[in-house]
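Student: Please take one part of this chain and go through it closely. I would like the strand pairing, the ring contacts and the charged pairs in one connected account.

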Amino acid sequence: WTTTQNVVNKTLRGIAFGSATVGAAVGAGRVAVYTTNGGTTWTPATFNGVPTTKATVGLRNVKFLNATTAIAVGDSIILKSTDGGANWNYVTSPATKTLVGLDFRGSTGFAVTQAQFLKSTDNGDTWSDITDLGWHNFTLNAVAVDLGGNPWAAGLQTTIVTSAPVTAVDGEAEIPVSFALDQNFPNPFN
């Protein structure tokens, strides 16, 4: 294990790599750093187009979609980088809560938090709110996308939600290993 300390003077909350050498880390107070040499050095990132009302919001999670494209989420904010995390551009979204969970499969991604579930189908360029009123009171902390492209989110109250089709696997019928007919003594009808 190698430890790199004092990368930035803020708490880092998320880290991801797009390749063996390109990675990014994000954290409190809208901080982001990136590496192009496998983590040997980390450089502060630049933020573009972030509204002044979100100038100091924290970032919670980051996910690379490929070697250079990454999405970061946080306190009601979504950012996108197309250069390995060096520059982060503000993405307009319906996010109103602190987004903590983030995952993509192909061009489709999901971000989750308390009472909000967001979806993108264009590599994070646009987002829509797909929150279901049946579970809008749950705090969702993590999301994963299965091989079929279905989101699975987990959170408080021992909750797991998904839009995946419901499936079931029935157990196999048990076949007796042996069978015996014994005499029932003193039954006179035997």
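Tutor: pLDDT is the predictor's confidence in each residue, on a scale from 0 to 100. Among the elements of the chain, strand E9 (residues 87–91) has the highest mean, 98. Strand E16 (residues 159–162) has the lowest, 83. This is a predicted model. The chain averages a pLDDT of 88, and 87% of the residues score at least 70.

E11 spans residues 108–113. It is mostly covered, with five of its six residues buried. Buried here means under 20% relative accessible area.

Look at one side of E11 to begin with. E10 and E11 run antiparallel, joined by five bridges. Phe104 has Gly109 of E11 as its bridge partner. The two strands make a hairpin, and two residues lie between them. In that turn Gly106 has a positive phi of about 65 degrees.

Now the other partner. E11 also runs antiparallel to E12, again with five bridges. Thr113 stands opposite Gln116 in E12. E11 and E12 form a hairpin too, with two residues between the strands. Ala115 takes a positive phi there, near 60 degrees.

Next come the rings. A pair of aromatic rings is described by the distance of the centres and the angle of the planes. Rings of Phe, Tyr and Trp pair if their centres lie within 6.5 Å, and planes over 60 degrees apart count as edge-to-face. The count by this rule is three aromatic pairs. One of them joins Phe104 and Trp127, with 6.0 Å between the centres and 85 degrees between the planes, an edge-to-face arrangement. This pair links distant parts of the chain, 23 residues apart. Phe104 belongs to strand E10 (residues 101–105), while Trp127 lies in the loop between strand E12 (116–120) and strand E13 (128–129). Is each ring buried or exposed? Phe104 has 8% relative accessibility, so it counts as buried. Trp127 has 9%, so it counts as buried as well.

Phe110 and Phe117 make another pair. Their ring centres are 5.9 Å apart and their planes stand at 80 degrees, so this pair is edge-to-face. Phe110 is buried at a relative accessible area of 2%. Phe117 is buried at 4%.

A ring can also meet a charge. The charged end of Arg30 sits over the ring of Phe47, 4.5 Å from the ring centre.

That leads to the charged pairs. Side chains of opposite charge can pair when their charged atoms come close. The structure holds three salt bridges.

Start with the one that reaches E10. Lys63 pairs with Asp103, and the closest N and O atoms are 3.1 Å apart. Lys63 is in strand E6 and Asp103 in strand E10, so the link spans parts of the chain 40 residues apart. Their cover differs in class. Lys63 counts as partly exposed, at 27% relative accessibility. Asp103 is buried, with 11% relative accessible area.

A second bridge involves the loop between E12 and E13. The side chains of Lys80 and Asp125 meet at 2.6 Å, N to O. Lys80 lies in strand E8 and Asp125 in that loop, so the pair ties together parts 45 residues apart in sequence. Lys80 is buried, at 11% relative accessible area. Asp125 counts as partly exposed, at 44% relative accessibility.

Arg60 pairs with Asp75, the closest N and O atoms being 3.4 Å apart. Arg60 lies in strand E6 (residues 59–64), and Asp75 in the loop between strand E7 (70–74) and strand E8 (77–81), so parts 15 residues apart in sequence are tied together. Arg60 is partly exposed, at 29% relative accessibility.

E6 has a strand partner of its own. E6 and E7 pair in the antiparallel sense over five bridges. Val62 stands opposite Ala72 in E7. Five residues lie between the two strands of this hairpin.

Back to E11 to close. Five bridges join it to E10, and five join it to E12.

Technical notes: Residues numbered from 1 in each chain as written. Heavy atoms only, no water. Phe/Tyr/Trp six-rings, centres within 6.5 Å; stacked < 30°, edge-to-face > 60°. Helix = DSSP H or I, 4+ residues; strand = E, 2+ residues; numbered from the N terminus. Buried < 20%, exposed > 50% of the residue type's maximum accessible area, 1.4 Å probe, protein only. Lys NZ or Arg CZ within 6 Å of the ring centre and 35° of its normal. Pairing = 2+ DSSP bridges. Salt bridge = Lys/Arg side-chain N within 4 Å of Asp/Glu carboxyl O.
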